[in-house]
Amino acid sequence: MTNSTKSEEITLGADCELRFEIESKESITVELKSGFAELFGTELAKGKQYEFHQGAKVAIFTFHGCVLLVKGKSDVSYVAKETPMVQYLNTHTALEQLRTNAEEKSSQGPIVMIVGPQDVGKSTLCRILLNYAVRMGRRPIYVDIDVGQGSISCPGTIGALLVERPATIEEGFSQQAPLVYNFGHVSPGANNKLYKLLVSKLAEVSLERLQTNKKGKSSGMIINTCGWVKGDGYQHLLHAAQAFEVGAIFVLDQERLYNELLRDIPKFVQVVYLPKSGGVVERTKQLRIESRDQRIREYFYGLRSPLYPHSFDVKWSDVQIYKIGAPALPDSCMPLGMKTEDNMTKLVTIQPSTALLHHILAVSFAAPDSGSDDIIQTNVVGFICVTNVDTDRQTLTVLSPQPRPLPNTVFLVSEVQFMDSH
């Protein structure tokens, strides 16, 4: 397919994939004319036009062959005959056997974790496996502990979501009632102790949730992880595997990580090596920043279906604003028996000021008179963005998905910022 804007019919043979990227402001529409095709595990409906916009990286796969009508101009486009999709399908089949066994015995379904360095397609594999599971009538829980590019909520968070229907082609999974915890940074290394604490809490609540739903229990859980796999990042993977009681770990594209996990993970946990797709594109640091910004924009304004956020003033005196983690002090300055790292999970009261401008604030479910441990380990209702600070009137102007009043007055500051250009 060349860089022209004309329509083109593309015939794909069995086990082939049409891959394209859109970097410019052009859009591309794809229509399935005949045969069967899917995008990351979601089936394309025949005769329906799907539109893709700037930033889209698309891989439309067919097991049996199909004809696609493509209109528009892409920056990169080609048909791939070598893909790992058959191996991914085999992985799903193995998980499905475990789910069937669990259903028969009323026991726990498979809990699996996808690991690997940055840009190897971890989120994509999660989406494929979740979609295949849901198409078989399952109700798995999707867990995302990647704070840098989180796919369940705003960046700087970890969360879990019960998946009840396949992701839509354009917008992904339905975001109804996710369980979200605010970490407030885009790398676990910014506060290792807090990250471990929140992962443990998310695991505890997610495992409890599995037990309360018979269908969910046998369906199990699929966990997406950060691309930081060395040093402390590797320790976070070991901690998450233990906290979530995982039964299998799928390692994408890094034999070193695969061998380290084989060495360090208990023998009853299966460690499986899988290849990455040749269509996975490495992202620059700038692209990652832009992707985070886009995620926040989608949270407030929607992706394809437009959302209309509200802007209003909040009095300083009506809210409690906290930051988790006090500045590190030398051991000699710490109270007896306290370690420097204890400061990393300390709740610090923040006095409103212009320093809050453009920061994302998490609105906590915690009661205003809760203790600090409760506030730190309570999930969040949602997020607001500070768009103006008036020191004379002592008010914050916030961008909010819902009109006033806000559901709670306890806010947690995130280091993540968003410049509202609407």
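**Ser414 and beyond**

Author: Setting aside neighbours within four places in sequence, Ser414 is in contact (heavy atoms within 4.5 Å) with Asn182, Gly184, His359 and Ile360. The model is a predicted one, in which local features need pLDDT of at least 70 and side-chain atom pairs count only at pLDDT 80 or more, while totals for chains, interfaces and linings use all residues. Numbering runs from 1 along each chain as its sequence is written, and side-chain values use heavy atoms, with hydrogens and water left out.

Ser414 belongs to strand β23, residues 410–417; strands are DSSP runs of E of at least two residues, helices runs of H or I of at least four, both numbered from the N terminus. Its relative accessibility is 2%, so Ser414 counts as buried. Buried means under 20% relative accessible area, exposed over 50%, and partly exposed in between, with a 1.4 Å probe and protein chains only.

Glu171 sits in the loop between β12 (157–162) and β13 (179–182). With 38% relative accessibility, Glu171 counts as partly exposed. Outside four places in sequence, the contacts of Glu171 are Leu303, Arg304 and Ser305. From Glu171 to Met419 there are 248 residues in sequence and 23 Å in space, C-alpha to C-alpha.

The nonpolar cores come next (sets of buried Ala, Val, Leu, Ile, Met, Phe, Trp, Tyr and Cys joined through side-chain atoms within 4.5 Å). The largest holds 108 residues, and the members that touch the most others are Phe52, Leu68, Ile145, Phe244, Ile249 and Leu261. Helix α3, residues 192–211, contributes the most to this core, eight residues. Another core lies apart from this one and has 16 residues, including Leu356, Val386, Val389 and Phe411.

Not counting residues up to four places away in sequence, Ile249 touches Met113, Val115, Ala241, Leu261, Ile265, Val269, Gln270, Val271 and Val272.

As for α3 itself, its buried residues are Leu194, Tyr195, Leu198, Val199, Lys201, Leu202, Ala203, Ser206, Leu207 and Leu210.
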